[in-house]
Amino acid sequence: MKKKLLAALLASLTLASPALLDFLKKWEGGADGMVAFADTLANGLPTTCYGLTKYVTDEPIIVGEYWPKEKCDRVYEKAIQEVQIDLLSCIEFAPPQTVFDGLSSLAWNVGYAKACNSQSAKYARQGEYKKACDLLATTFSGKPNWSYASGQFIQGLYNRRQDNRDNLCLAGQYQ
């Protein structure tokens with residue numbers, strides 16, 4: 001993406017917004033520091049503070065290693081901003097902040113490329129923000145969306161997707 005366009009998009013959005021950071025901390029854990037663990041939902045992927053993995057940071061994550069709060073916060077803020085910049089480069093538009101935060105939460109979990117190519121991003125590009133947000137939790141047929149790991153429905157993932165839709169992406173708008 002051209003630097004001017006990215007700069008214009010960034011000027012209209014807040015990277016690592018307080019709402020997004022709080023949302024991810026709520027669902028990922030690690031606000032007081034954390035021991036890195038092998039995430040069973042991600043086939044044993046080493047994970048720590050706020051959902052940090054090798055897919056969002058270059059910082060080595062070693063199962064069993066303790067990360068103090070200061071390290072969690074430092075690596076997390078940098079990583080979320082990088083994911084959001086990658087997401088913006090991919091979607092090439094600046095949606096309302098709440099929608100951007102909702103798409104960013106999805107990108108944090110599934111990667112910016114999948115988030116960018118999602119139906120949610122497609123409808124957001126068209127300005128259909130309620131549909132974009134709804135698709136973060138359910139398909140048009142009402143089936144849970146983004147709520148499966150290794151082909152199995154995970155109620156906790158569905159709860160998170162509903163929370164993303166209702167309290168981050170929609171955030172009182174587009175009802």
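**View 1. Helix α2 passes helix α3 in a right-handed crossing.** Right-handed means that the near helix is turned clockwise from the far one by less than a right angle. The model is predicted; local features need pLDDT of at least 70, side-chain atom pairs count only at pLDDT 80 or more, and totals for chains, interfaces and linings use all residues. Residues are numbered from 1 along each chain as its sequence is written, and side-chain values use heavy atoms, with hydrogens and water left out. Helices (H or I, at least four residues) and strands (E, at least two) are DSSP runs, numbered from the N terminus. The axes of α2 and α3 come within 12 Å and cross at roughly 115°; axes are lines fitted to C-alpha atoms, for helices over the stretch in contact, with angles from 0 to 180 degrees between N-to-C directions.

**View 2. Residues where α2 meets α3.** From α2, L20, L21, L24 and K25 meet D73, Y76, E77, I80 and Q84 of α3 (contact: heavy atoms within 4.5 Å).

**View 3. Helix α4, residues 97-110.** Of its 14 residues, 11 are buried, so α4 is largely enclosed by the rest of the structure (buried: under 20% relative accessible area, 1.4 Å probe, protein chains only). Among the buried residues are F100, L103, L106 and W108. Their cover includes α2 (18-28), α3 (69-91) and α8 (155-169).

**View 4. The end of α4 and the residue after it.**

Terms used: Expected span 1.5 Å × (residues − 1). Buried < 20%, exposed > 50% of the residue type's maximum accessible area, 1.4 Å probe, protein only.
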